[in-house]
Amino acid sequence: AELTSDGGLDLFKRRVDQAKLIGVEQVLAWGPWGYKSWPEERFSDEELEALAAPWYEAMALAAKHAEDVGVTIVFKPHTGVTATAALCRRTVERIGSPAVAVCYDGGNVSFYEGIDPAEDIKACAEVTRALCVKDHVGPRANALFPCPGDGEVDHESMLRTLAAYDFAGPVAVERFEGHHKKADMSAELVDKLAAKAYQHLRTVVERISAEL
């Protein structure tokens, strides 16, 4: 259920409670969808603000609960009020709780916004507490997400930017199917690509760590 739907806030609070119960330190969220019709017709700034106002109100209550429980809510770029690093940071600052931060997703920024995430992340690096790894190829709205390291998203540059702020949060790979149809991928292929993604990130992290 959406945060602003009937019962949505209570459900979100339960998700925070469940995270605490099983030792998960972060709960992922994002703001309202930013398009009247994807991928061409965006809401105007005024329309988006009107749509987002109830979300901000509900999220402030959710953040207070997360603060009390000891869990962090991390906002992921996904159009709308969390579309880019600057908007994610503005949303964090508007809610104004120590229990909210950013989970940056360079693949989403490349796919939805058509901008370079390696540059974009600099606007929110200071408040980023997690990184969602998703590579992307081609222009905005091109739905091609290869194995990390095979696309155009420079995760090494982003991790270097985060390292300057002593980033120590989780780094999670979301997808790596490339040209494969996900429903047709064998377990062996999934394992092979997951191992490839892991090795790429491990190599990048080791290289950065050696330079610190």
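Start by selecting arginine 89, which is partly exposed, with a relative accessible area of 22%. The model on screen is a predicted one. Glutamate 93 and arginine 89 are four residues apart in helix 3, so about one helical turn separates them.

**Salt bridges across the chain**

The salt bridge count for this model is 17. Next, select arginine 207 and glutamate 156, whose side chains form a salt bridge at 2.7 Å, N to O. Here arginine 207 belongs to helix 7 and glutamate 156 to helix 6, so the pair ties together parts 51 residues apart in sequence. Colour the two by accessibility: arginine 207 is partly exposed, at 37% relative accessible area, while glutamate 156 counts as buried at 18%.

Salt bridges with shared partners also link Lys76, Asp105, Lys134 and Glu174 into one network. Within it, show glutamate 174 and lysine 76, where the side chains meet at 2.7 Å, N to O. Glutamate 174 is partly exposed, with a relative accessible area of 42%; lysine 76 is buried, at 5%.

**Backbone stops**

Stay in the loop between strand 4 (72-75) and helix 3, and select threonine 79. Its phi is near 65°, a positive value in a residue other than glycine. Threonine 79 counts as buried, at 1% relative accessibility.

Move to alanine 141, in the loop between strand 6 (128-133) and helix 6 (155-163). This residue, not a glycine either, has a positive phi of about 75°. Alanine 141 is partly exposed, with a relative accessible area of 30%.

Then select tryptophan 38 and proline 39, which are joined by a cis peptide bond with omega about 5°. Proline 39 is in the loop between strand 2 (35-37) and strand 3 (41-42).

The largest pocket has a volume of about 540 Å³. To find it, select Glu2, Leu3, Trp30, Gly31 and Trp55, the closest to its centre of the 20 lining residues. Helix 1 (8-21), strand 1 (26-29) and helix 2 (45-69) each give two or more residues to this lining. Helix 1 gives the most, with four. By class, the lining of the largest pocket holds 14 nonpolar, four polar and two charged residues.

The second largest pocket contains about 220 Å³ of space. Select its lining: Gly34, Arg42, Phe43, Asp45, Leu48, Glu49, Gly80, Val81, Ala83, Leu87, Arg90 and Glu113. Helix 2 and helix 3 (85-95) each supply at least two of the lining residues, and helix 2 gives the most, with three. Five residues of this lining are nonpolar, two polar and five charged.

**Last stop: a surface patch**

Finally, show the surface of Leu21, Ile22 and Val24, which make a nonpolar patch of about 340 Å². Valine 24 lies in the loop between helix 1 and strand 1. With a relative accessible area of 34%, valine 24 is partly exposed.

Key
Residues are numbered from 1 along each chain as its sequence is written. This is a predicted model: local features need pLDDT of at least 70, side-chain atom pairs count only at pLDDT 80 or more; totals for chains, interfaces and linings use all residues. Side-chain values use heavy atoms; hydrogens and water are left out. On a 1 Å grid over the protein atoms alone, a cavity is a set of points where a 1.4 Å probe fits but cannot get out, and a pocket is an open set with protein on both sides within 12 Å along at least five of seven lines; lining residues have an atom within 4 Å of a point. Grid points are joined across faces, edges and corners, and a volume is the space filled by probe spheres set on the points. Ala, Val, Leu, Ile, Met, Phe, Trp, Tyr, Cys and Pro count as nonpolar, Asp, Glu, Lys and Arg as charged, and the others, Gly among them, as polar. Patches are made of residues with over 30% relative accessible area and no salt bridge: like charges are joined within 9 Å, nonpolar side chains (Val, Leu, Ile, Met, Phe, Trp, Tyr) within 5 Å. Accessible areas come from the Shrake-Rupley method with a 1.4 Å probe; for residues, only the protein chains shown count as cover. A salt bridge is a side-chain nitrogen of Lys or Arg within 4 Å of a carboxyl oxygen of Asp or Glu. Buried means under 20% relative accessible area, exposed over 50%, partly exposed in between (1.4 Å probe, protein chains only).
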